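Here is a friendly walk through one model. Please keep the sequence and the 3D view open as you read.

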Amino acid sequence: MTDGAIGHTSHALSERVKELNCLYAVSELAAADIPLGKILQETTNNIPAGWQFPPITRARITVDGQEFVSKNFKTAPWKQSSDILARGQRVGSVEVYYLEERPAIDEGPFLREEREMINDIARHLGRVVERKRIEERLRRSESKHRTLLENLPQKIFFKDRRSVYVSCNENYARDVHIRSEEIAGKTDYDFHPQQLAEKYRADDKRIMDAGETEELEETYFRNGQERIVHTTKTPVRDTLGNIIGVIGIFWDVTDERRAQEALRESEKKYRKLFEDLNDAAFLGDAETGLILDVNRQTEKLLGMARDEIIGMHQPDIHPPGEREKYERRFREHVERGHAVDYDGEVIRKDGTIVPANISASALEIGGKHLILGLFRDITERKRASMLESFTESLLENAPVIAVSVDPQRRIQRFNRFAADLTGYTEEEVRGKLWTDVFVLPEDRKRVDNTIQQLLEGRRDKGSEHLIIAKDGRKILTRWCGSALYDDKGNAIGTIGVAIDITELRAKEEQLRRASKMEAIGRLAGGVAHDFNNYLAAIKGYASLLSRELPPAGPLHDDLAQIATAAEAAIALTRQLLTLGRKTDVNLRVIDLNSVVTETADSLGQMLGEHIQLCMRKTAVSANITADPGQVRQVIVNLAINARDAMLQGGRLTIETANVEIDAAGAEKHPGASPGTYVMLAVSDTGAGMDEETLQHVFEPFFTTKPEGEGAGMGLATVHGIVEQSGGHVTVHSQLGEGTTFAAYFPCTRAPEITPPLPGEETRPAGQTEGGSETILVVEDHDSVRSFLAKALNLSGYTVLEASRPTEALSLVEDRNKQIDLLISDVIMPEMNGPELAKQIKALLPEMLVLYVSGYPKDSIPDQRVRATELLAKPFSPEELCRRVRQMLDSSVKKD
């Protein structure tokens, strides 16, 4: 080894010696029984000597804000420090400074060993600070505890690891008849029976071995008397945590335990009573409002466990928005000290609000002011009360009759609707027999049997009977009832609920009649269609034949009779179509007064001299929208009906008037709507009609005349015409007092009368116009087709005939020449007229179309048939040729 190496090693050893000396000095100081401040100052003074450059090394130790510095201390940039920790908490630091910069050694100006040494010193000092603090606390604690021990009423002792007494307080010493300073070295065998001493020592050993505190109830002898003591024994540890003994504290609880046993018995009785209450109950602190105890019913009511409820404030069991109100009530109750009882609400854990009756009273237990609260769930009571109120309100205000009677049928309850309907007040009928006051004699037995069946518990299937109002009106009612029972299930009466079905039955009858009229109307319309086909042939051929016969010939009169019969049949057909609402109507604004005047002028001869005709016409506007011909028909039919009712003569009155019908009035007139009407009334002073006749008066084919003297269509036609015009008809009649029919037409506010429609003017009969055009006639009825072809041929037209649509299409396809006009029936086998016209016009676009039909325009569902293209059957040859010519000429004008 070279001299340099030896010198370096020697220097390093010298430095380690200084460090060890420094650490040794610090450890010696740490172990010395001297004040902490002196230890810290001496340690500060020794630190520079342990560093490699003592002359320029300075040190400072800071603990709990106090500084301890080395000689000539001052700070410098070259610093080394370490925190002092006591029980893991920083309490200060150790700092070492170099006053001059030194060459870097290792990773800085300080040696690694120096950095480790300052950490060691900080750890030593941390333990010293911790120990000194413990010693100080112990000193203070010992002084305080000694004073406390001597003044405590409890008995206190301290034993070592072998269960040998070390010390005790005076209370314990007096019990064992010794002075406290004489207890050291004694054992339990010196003071207690052997068996008890062994138990005490065994308890001590178990507690010290386990290292845990125990509380014991033990037998203890004092002055020869057996007592019960409560003992707490705790292991005692030294500063290193080693168990060095046990300390015991005990006190006599004999009297307390006896009192507790008595209290337990009392509490047991109280708890049983408390738990067996049917109501939810709680005990609350009167001062704080805290809930101290609850029973099982409270848990059930609130949906919470007992432990969840105890500790809550009394207002907290109420809904959030109401808690302030309940808190105020609680305070008032506490201040006044009297019992309260009221209905309120509580809230369950799930948020459900429960109505409850709440009662509370103040009481004092053991000097403590408490509140006993009782809560009763009144959900069912509220529901029953609400149901009762609802039922009461429903029965009182519902638009039904509600009546209750006792088993003797005496009226007990009579609701407002029943009073309004019958005109009786409840006070007038209460206590009277239901059957005597309201039921017709012929229905009383049946109604009485129904009530008896209800009392016997039988199910009511519903029944109908008339009741009599105070003013004598008979009201048809439909009833449903049930028995009423008391709490024991005994029937104490019945309750019946009924509706007034008088109007319902009337409307059902109206509907039945309307359905019947509609069915008859459909049948009549279908029959009229077939009639029109036959009448078209009869009327047409009669007209053609009359052209060929001399006017004065014997056959001419016969043809006139055929024509007259045909016209009568046509009129009857029109009535059938009117009945079925399948006739074409020429609606226009007309003055009803004018039509009445014009028609009345022609009634004289028809009525005869034995009947006086009177007229009363409204002075204000009587404009209506209707077909004038149909209105004349209404007047004539009603006049004929009146005439036939006055065989011995009488007075016929025709009257017009403006009438305003409101909603209430409209309900009295079947089929009417509220509004302004012009009334046409026809009254007679004839025989009148009974109720049965009035029920059928507007039915088709109904007549009171002998067989063969009337078809029964007149009044049915009136009914159809008025309803088709948007109005309605009423009839009032009594036997021996005459009859009044009133037709109500909606009033029209148009100031001017509609002029006749273009083309309505007719040419003189027999005047026809012909032509040379080609016409295709398609008609499945042979006689009608033959008549059409002959009439057109006689007028100069070239006519092609087809009995079926397919035959017509073949004719068109095979013919090269133009066809100017197609005359086609609307309803035919294979395809209808509009469809046939569509296919032919695809081949002949310039061809015109004229439809003929036994149905009026309004009854033809196909919208392609326009009114200007339709000629209704039956018609004369002149009407046919005139219409054909008009169509052909109108086409020429357009071209």
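Is arginine 409 buried or exposed? Arginine 409 is buried, with a relative accessible area of 8%. Please keep in mind that this is a predicted model.

## Two loop residues with positive phi

Arginine 409 belongs to the loop that links strand E15 (401-405) with strand E16 (411-414). Its phi is positive, about 75°, although arginine 409 is not a glycine. As background, most residues other than glycine have a negative phi.

Asparagine 72 also deserves a look: it is not a glycine, yet it has a positive phi of about 55°. You will find asparagine 72 in the loop between strand E2 (66-69) and strand E3 (78-86). Asparagine 72 has a relative accessible area of 56%, so it counts as exposed, whereas arginine 409, at 8%, is buried.

## Strand E14 and its partners

Let us turn to strand pairing. Strand E13 (residues 353-365) and E14 run antiparallel and are joined by ten bridges. Within this pairing, isoleucine 365 stands opposite lysine 368 of E14. The hairpin of E13 and E14 has two residues between the strands, and glycine 366 there takes a positive phi near 60°.

E14 (residues 368-377) also pairs with strand E10 (residues 280-285), in the antiparallel sense and over six bridges. Here aspartate 285 has leucine 370 in E14 as its bridge partner.

## The largest nonpolar core

The largest nonpolar core holds 35 residues, and those touching the most other members are Leu592, Ile624, Val631, Ile635, Leu652 and Leu680. Elements that give two or more residues to this core are H17, strand E22 (623-626), H19, strand E23 (650-661), strand E24 (675-684), H22 and strand E26 (739-746). H19 provides the largest share, six residues.

Beyond its neighbours within four places in sequence, leucine 592 is in contact with Ala622, Ile624, Val631, Thr656, Val678, Met679 and Leu680. Between the C-alpha atoms of leucine 592 and alanine 626 there are 9.3 Å, with 34 residues separating the two along the chain. Valine 631, again leaving aside neighbours within four places, is in contact with Ile590, Leu592, Val595, Ile624 and Ala626.

## Where H19 meets H22

How do helix H19 and helix H22 pack, and at what angle? H19 (residues 628-645) and H22 (residues 714-724) pack at about 150°, and their axes are 9 Å apart. The crossing of H19 past H22 is left-handed. On the H19 side, the contact is made by Gln630, Gln633, Val634, Asn637, Leu638 and Asn641. The H22 side brings Gly714, Leu715, Thr717, Val718, Ile721, Val722 and Gln724. Sorted by type, the residues of this contact are six nonpolar, seven polar and no charged.

One last stop is threonine 730, in strand E25 (residues 728-733). Why does threonine 730 count as buried? Its relative accessibility is 19%, and buried means under 20%.

Terms used: Residues are numbered from 1 along each chain as its sequence is written. This is a predicted model: local features need pLDDT of at least 70, side-chain atom pairs count only at pLDDT 80 or more; totals for chains, interfaces and linings use all residues. Side-chain values use heavy atoms; hydrogens and water are left out. Axes are lines fitted to C-alpha atoms, for helices over the stretch in contact, and angles run from 0 to 180 degrees between N-to-C directions. Helices (H or I, at least four residues) and strands (E, at least two) are DSSP runs, numbered from the N terminus. A crossing is left-handed if the near helix is turned anticlockwise from the far one by less than a right angle, and right-handed if clockwise. Contact means heavy atoms within 4.5 Å. Ala, Val, Leu, Ile, Met, Phe, Trp, Tyr, Cys and Pro count as nonpolar, Asp, Glu, Lys and Arg as charged, and the others, Gly among them, as polar. Two strands pair if DSSP finds at least two bridges between them. Buried means under 20% relative accessible area, exposed over 50%, partly exposed in between (1.4 Å probe, protein chains only). A nonpolar core is a set of buried Ala, Val, Leu, Ile, Met, Phe, Trp, Tyr and Cys residues joined through side-chain atoms within 4.5 Å.
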